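Take a look at how two chains meet, and then at one residue inside a chain.

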Amino acid sequence: MTHQNRIEIIDLITGYKSRSGTKVISGPLCASVPSGCLTSLLGPNGAGKSTLLRTITGFQRPISGKVIIEGVDISKYNANSLAKHIAVVLTEKPEIDDLRTEEMIAMGRAPYTGFWGNLSEADHQIVAKAMNITGIGNLAGRFISDLSDGERQKVMIAKALAQQTDVILLDEPTAFLDFPSKVDIMRLLSNIALQEGKTIIVSTHDLDIALHLSHNIMLLDSEHGLTFDSRESIISKGDLRRYFPQSGIDIDTRSGRVSVI
Amino acid sequence: MSSQSATILKFSILVISILLMMIGNIYFGSVRIAASEVSEILASGSVADSPYSYIIFNSRIPQMLTAILTGAGLSVSGLMLQVAFRNPLAGPSILGVTSGASLGVALVILGLGGSLGAAGMQWGGYTAVIAGALIGSLSVMAVLLMFSTWLRNALLLLITGIMVGYLTSSIITLLNFTATTEGVHNYTMWGMGNFNGVSWNDMPLFSTLTILGLVFAILMVKPLNIIQLGPRYAAGLGIDMKRVRNKLLIATGILTAVATAYCGPVSFIGLSVPHIARMIMRTANQRILVPASMLGGASVGLLCNLLCVIPQSTTLPLNGVTPLVGVPVIIYVILKGRRK
């Protein structure tokens, strides 16, 4: 069964419920994200980008509203089957000594393997394919503690691919990378979305890179809520100016070029 | 695969080292018995027709089994705690779990006026000691669990564990102050640690509880592997880290309590052996590290027991020997961590 829209966000209010009351972070939010595209989630700090991603991954319960993946409300999935639909990549890098690249990527098979976590021949092939797609086949036997930050994020993306999910969510995966690595990672994600038909949402602060390399843009802030559209319409409608009103940044409504005045 | 055969070789070496240590533990003890005589007694298999055969069958063999089980149990506890708290310096004694168990034991030994000497303890007495140790260690675990939801920082949690340890020690000091001389003596002897507290009568309960803990650890290898990635990556793979951690803490609480009740607060084995296992195996795969820690722990337990009887005429306290093995390993781990 295929769905036109892989992710449906319906009247979603994100935030935290505690004994002292309810703290709303953002919402109500609505968006329909189609498959096979890279979407960049942009917005100022504190807009609730991370909270939104945590809510879509099911890591945090919404205050109200729904997130629908592949036609099913995510609250209906159990933890293991949700892990077969959504994979995550985070800013933080897992610090594990003596763990090889290949073993890290194989962690992505965890939702599929049995009680002991043994890998089948098919699992090994899926891991090898994930390494090929991300171009890190040469790193297979290296310890992850010896890799550069950019290489390490590619390993985590390969882990997400090995998880064979339709959706991959990345929470500021390029935050600590140098400029060429940021571009490299975003280009890789764009290719994966197109060639593997994945639905990828990546939150980032790198406005210019995002505007160049993603297919869709999701804008989020507390004032305007969530705006989702293709890269071209977002640029031409001038939505970016509403979301980034600070003086000092200019976004050209034709080219999408970000310039500092 | 060559790495696979290397792993098999390393496991074989661990098993051989255990076998050698077992032989050492049977042939050497605080009483000198000629090797030929030991072999003869073992071959005849008869118990208690001579004092020497009594020593071998009722002292050295149960002591050897105790060293194996306690060494394995404490080591795998250390490994589980290090993974659960994602901190290489976590261990049953550092986190105050051993002290919690000690407090429980102190309440029983000192509170009952020293009627339960470590040497002359009856079945009922040991049950009370085990219950005390279990309640003590699980209470500390509960406190750590509570703090772990507030304290995101693993270092702060470690310091909390150390503080809990100091607090229980201070209560033990107060108990000692008010207890009888005999009680204090018994408690002090117990506190030095030993592997000779498990008689054949105690063995069924002791070994059953310890083996249950060991089996539980083996059953946890897959979630242990995944929670190494941290709570959010683990959740992304369908594993609730908190739930796994609670299970691990209960298992380590039981293993530590049993070991502490019978052998005293044994230091450093739980903290250092997982690192020895990592050094030998050079992997983060828990499917290898869990059994390697158990085998390594058994081997180190036997080694420490052997070191205790070197002076022949007397037996050294266990906790006088374990730091010799543990401290160099921990210093190595700290120095290695600093280089990053």
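Predicted model: local features only at pLDDT ≥ 70, side-chain atom pairs only at ≥ 80, totals over all residues.

Residues are numbered from 1 along each chain as written, chains are lettered from A in the order in which they are written, and side-chain values use heavy atoms, without hydrogens and water.

Start with the contact (heavy atoms within 4.5 Å). Chain B contributes 23 residues and chain A 34 residues. About 2500 Å² is buried between them, 57% of it from carbon and sulfur atoms. Buried area here is the accessible area (1.4 Å probe) that two parts lose on being put together, summed over both.

Two salt bridges link chain B and chain A. The term needs a side-chain nitrogen of Lys or Arg within 4 Å of a carboxyl oxygen of Asp or Glu. R232(B) pairs in this way with D171(A), with the closest N and O atoms 3.5 Å apart. On the chain B side, the elements that give two or more residues are helix 8 (203-219), helix 9 (221-227) and helix 10 (231-236). Helix 10 of chain B gives the most, with five residues. Helices are DSSP runs (H or I, at least four residues), numbered from the N terminus.

Now turn to Q286(B), in helix 13 (residues 286-308) of chain B. Q286(B) counts as buried because its relative accessibility is 0%; buried means under 20% relative accessible area (1.4 Å probe, protein chains only). Leaving out residues up to four places away in sequence, Q286(B) touches L79(B), V83(B), V221(B), L224(B), N225(B), Q228(B) and P291(B).

Key:
Buried < 20%, exposed > 50% of the residue type's maximum accessible area, 1.4 Å probe, protein only.
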